[in-house]
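Here is a brief report on a two-chain model. Keep the sequence and the 3D view open while reading.

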Amino acid sequence: MNELDRLERFLRTDPRDVGCDEAMAVLHVYVDLVAAGQDAAGRYPGVAVHLAACGPCGEDFTGLLAAVTGG
Amino acid sequence: MSAPAPGGSLSGVERARLTAKDLDAESGSWLRRLGAGGGERQAAERELHARLVRIALSEVRRRSASTPVAGQELDDVAHQAAHDAMLAILAKLGDFRGESRFTTWAYRFVILEVSAKLGRHYWRNPPAVLDAGQWERLPDRFGIDPARHAESAGILAEVRRVVDEELTAHQRRVFMAIVVDEIPLDALAVRLGLQRNAIYKVIFDARRKIRRALVANGYLDEPGRERR
């Protein structure tokens, strides 16, 4: 792996990214889909992109998923 | 992310009409009990609050490695988060649309409260930063092996040039705080009196601007591979 891959990935942006507000508005819906094993990212690609790119929203996703799955 | 708001849409989000048949049995039971009077409602509120406290405590512990908040203060954050989430849930009960299980909808409030409170509490005892704004730390931020710092010097110098010369003062301030000084995004939002999304948008635009310059000046190929 290239030494600068992390830098490149950090700088890469995706126009589908919905941003924090919209992602958090449907976080519960998204998490329920994930918990049920459904294709949440396919249904909400802009949310999936955002959760992968935004550390704080990604943390909220992980925390909520753990809360509903008991993980 | 296109100005003024991030790109994409939530067109797939249904605004379901909430009827009893749309809800799973547990969600329906929660709504019925919380909408009841007297002891039944009080019992439901106690049960929900106990769950929120348990989740908040678990969540602050899960995040303990990434926050300077510790010990009793961390537990206090959890209890405050559970309390405030409970108030918000009861106030917004009518907003529940049945798009998820009730408990998932409710737990979201406490998770977001934990995030917000940890951002605020960060500034009570922030980690000592003796060398704020030191660009020399940038390679470490991206996990670049010290043995290869020399190879990455060119592209990192170009990143610095773009930050210094092409970002706006606000973008530069936010970029330095988040990327170089590693201040948590939620904590910076508190310090600047902005919402998380506003900070994210600044960083998003800065990332795009820096990457565009790196591509234009031959440091990155368009698909994202380093060229030199």
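## Chain B overall

In chain B, residues 24 or more positions apart account for 68% of the contacts with a separation of 6 or more. The model is predicted. Chain B contains nine helices and zero strands. Its elements, from the N terminus on, run α-α-α-α-α-α-α-α-α. Of the 228 residues in chain B, 32% are buried.

## Helices α2 and α4 of chain B

Two packed helices are described by the angle between their axes and the distance between the axes. Take helix α2 (residues 38-62) and helix α4 (residues 102-121) of chain B. Their axes come within 10 Å and cross at roughly 40°. The crossing of α2(B) and α4(B) is right-handed.

Which residues of α2(B) and α4(B) meet? From α2(B) come Leu48(B), Leu52(B), Ile55(B), Ala56(B), Glu59(B) and Val60(B). From α4(B) come Ala106(B), Tyr107(B), Val110(B), Ile111(B) and Val114(B). By class, this contact has 10 nonpolar residues, no polar ones and one charged.

Arg208(B) is 154 residues from Arg54(B) in sequence. In space, the two are 40 Å apart, C-alpha to C-alpha.

Glu182(B) is found in a loop of chain B, between α7 (169-180) and α8 (185-192). Is Glu182(B) buried or exposed? Glu182(B) is exposed, because 12 other C-beta atoms lie within 10 Å. Its backbone deserves a look as well. Most residues other than glycine have a negative phi. Glu182(B) is not a glycine, yet it has a positive phi of about 60°.

## Chain A overall

Chain A has six helices and zero strands. Read along the sequence, the pattern of chain A is α-α-α-α-α-α. The C-alpha trace of chain A spans about 35 × 25 × 20 Å along its principal axes.

Chain A has 71 residues, and buried residues make up 54% of them. Consider the contacts in chain A between residues at least 6 apart in sequence. Of these, 67% join residues at least 24 apart.

## His50 of chain A

His50(A) lies in helix α5 (residues 45-53) of chain A. How many C-beta neighbours does His50(A) have inside 10 Å? There are 28, so His50(A) counts as buried.

Neighbours within four places in sequence are left aside here. His50(A) is then in contact with Asp17(A), Val18(A), Gly19(A), Ala23(A) and Cys57(A). Arg16(A) is 34 residues from His50(A) along the chain. The C-alpha atoms of His50(A) and Arg16(A) are separated by 8.1 Å.

## Where chain A meets chain B

Across the interface, 38 residues of chain A are in contact with 47 residues of chain B. Four helices of chain A each supply at least two residues of the side that touches chain B: α1 (5-11), α2 (19-25), α3 (27-35) and α6 (55-69). Which helix gives the most to this side of chain A? It is α6(A), with nine residues.

By class, the residues of chain A on this side divide into 19 nonpolar, seven polar and 12 charged.

How values were computed. Residues are numbered from 1 along each chain as its sequence is written. Chains are lettered from A and ligands numbered from 1 in the order in which they are written. This is a predicted model: local features need pLDDT of at least 70, side-chain atom pairs count only at pLDDT 80 or more; totals for chains, interfaces and linings use all residues. Axes are lines fitted to C-alpha atoms, for helices over the stretch in contact, and angles run from 0 to 180 degrees between N-to-C directions. A crossing is left-handed if the near helix is turned anticlockwise from the far one by less than a right angle, and right-handed if clockwise. Two residues are in contact if their C-beta atoms, placed from the backbone, lie within 7 Å. Ala, Val, Leu, Ile, Met, Phe, Trp, Tyr, Cys and Pro count as nonpolar, Asp, Glu, Lys and Arg as charged, and the others, Gly among them, as polar. A residue is buried if 20 or more other C-beta atoms lie within 10 Å of its own, exposed if 12 or fewer, and partly exposed in between; C-beta atoms are placed from the backbone.
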